[in-house]
Amino acid sequence: MAGCALTTAVPAAAQFWQCAPYAREVSGIQIRGNANTWWGQAAGRYERGHTPKVGAVLSFEATRSMRVGHVAMVSQVVSDREVLLTHANWSRPGRVERDVRAVDVSSAGDWSQVRVWFGPIGGLGTSSYPTNGFIYSGHAPKAVDDSNDDLPTVTMASAGKPGSVGILTLVARPAL
């Protein structure tokens, strides 16, 4: 009996991303655990510093409102005091944001205090966040298919007669 196969591929955006697994995925920096542990774990394994570079991960300190810190990959250096970040779980829970503005507001110009674009207000807002600095990956960032399209991609392949029974297969990305 011939049939048709219906394959549904679940896009990465359907996944709830935490900042640390997403930063690891796009930067290639192989550190695991909560974001507030990345700076310490990077010591002796990766170069660290206070100059933004494409592909580096900006490590945010833990605060009362951000208890496990945050990590975000630098996708573009705009100037010595402004970068674009690609990160997850910042403006909207579990969502990825690409190329959002971050500005160094530290008095010393050392990226120890930043303001980051926040989606719900469409701007930087007034909050600033303490950071540890940048963790350098040593290579270009990895491209990840994480489109913000929440609808699954459906592909239909027919090997039989119209109206025949089909098979539904869900293909999901494994949890990180």
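Analyst: The answers below go from the overall fold to individual residues. Please keep in mind that this is a predicted model.

User: Fine. How many helices and strands does the protein chain have?

Analyst: The secondary structure comes to two helices and ten strands. Read from the N terminus, the order of the elements is β-α-α-β-β-β-β-β-β-β-β-β.

User: And what share of the residues is buried?

Analyst: Of the 176 residues in the protein chain, 41% are buried. As for contacts with a separation of 6 or more, 58% of them join residues 24 or more positions apart.

User: Let us turn to helix H1. Why is H1 described as largely enclosed?

Analyst: Helix H1 spans residues 19–27, and nine of its nine residues are buried, so the rest of the structure largely encloses it. Among these buried residues are Arg 24 and Glu 25, along with Cys 19, Ala 20 and Pro 21.

User: What covers the buried residues of H1?

Analyst: The cover includes helix H2 (38–42) and strands S3 (57–60), S4 (70–79), S5 (82–88) and S6 (96–104).

User: Which residue comes just after H1 with a positive phi?

Analyst: That is Gly 28, whose phi is about 85°.

User: New topic: the largest pocket. How much space lies in it?

Analyst: The largest pocket holds about 240 Å³ of space. Its lining consists of 17 residues, and those nearest its centre are Gln 18, Cys 19, Val 68, Gly 69 and Asn 89.

User: Which element gives the largest share of that lining?

Analyst: Helix H1 does, with four residues. Cys 19, one of the residues nearest the pocket centre, is also among the buried residues of H1.

User: What does the lining look like by class?

Analyst: It has seven nonpolar, seven polar and three charged residues.

User: Now the aromatics. How many aromatic pairs does a search of the whole structure find?

Analyst: The search finds four aromatic pairs. One of them is formed by Phe 60 and Trp 90, with 5.5 Å from centre to centre and 45° between the planes, which is a tilted arrangement. Phe 60 belongs to strand S3 and Trp 90 to the loop between S5 and S6, so this pair ties together parts that are 30 residues apart in sequence.

User: Are Phe 60 and Trp 90 buried or exposed?

Analyst: Phe 60 is buried, at 0% relative accessibility. Trp 90 has 13% and also counts as buried, because the cut-off is under 20%.

User: What about Trp 111 and Phe 134?

Analyst: Their ring centres are 5.5 Å apart and their planes stand at 70°, so the pair is edge-to-face. Trp 111 sits in the loop between S6 and strand S7 (113–116), while Phe 134 is in strand S8 (residues 129–135), 23 residues apart. Both residues are buried.

User: Which residues form one aromatic cluster?

Analyst: Phe 60, Trp 90 and Tyr 129 make up one cluster.

User: Where does Lys 53 lie?

Analyst: Lys 53 lies over the face of Tyr 136, and its distance from the ring centre is 4.6 Å.

User: Last one: where is Gly 55 found?

Analyst: Gly 55 is in the loop between strand S2 (48–49) and S3. This glycine is buried, its relative accessible area being 0%. Gly 55 and Phe 134 are 79 residues apart in sequence, yet their C-alpha atoms are 9.7 Å apart in space. Phe 134 is the residue that pairs edge-to-face with Trp 111.

Key: Residues are numbered from 1 along each chain as its sequence is written. This is a predicted model: local features need pLDDT of at least 70, side-chain atom pairs count only at pLDDT 80 or more; totals for chains, interfaces and linings use all residues. Side-chain values use heavy atoms; hydrogens and water are left out. Buried means under 20% relative accessible area, exposed over 50%, partly exposed in between (1.4 Å probe, protein chains only). Contact means heavy atoms within 4.5 Å. Rings of Phe, Tyr and Trp (its six-membered ring) pair if their centres lie within 6.5 Å; planes under 30 degrees apart count as stacked, over 60 as edge-to-face and the rest as tilted. A charge sits over a ring if NZ of Lys or CZ of Arg is within 6 Å of the ring centre and within 35 degrees of the ring normal. On a 1 Å grid over the protein atoms alone, a cavity is a set of points where a 1.4 Å probe fits but cannot get out, and a pocket is an open set with protein on both sides within 12 Å along at least five of seven lines; lining residues have an atom within 4 Å of a point. Grid points are joined across faces, edges and corners, and a volume is the space filled by probe spheres set on the points. Ala, Val, Leu, Ile, Met, Phe, Trp, Tyr, Cys and Pro count as nonpolar, Asp, Glu, Lys and Arg as charged, and the others, Gly among them, as polar.
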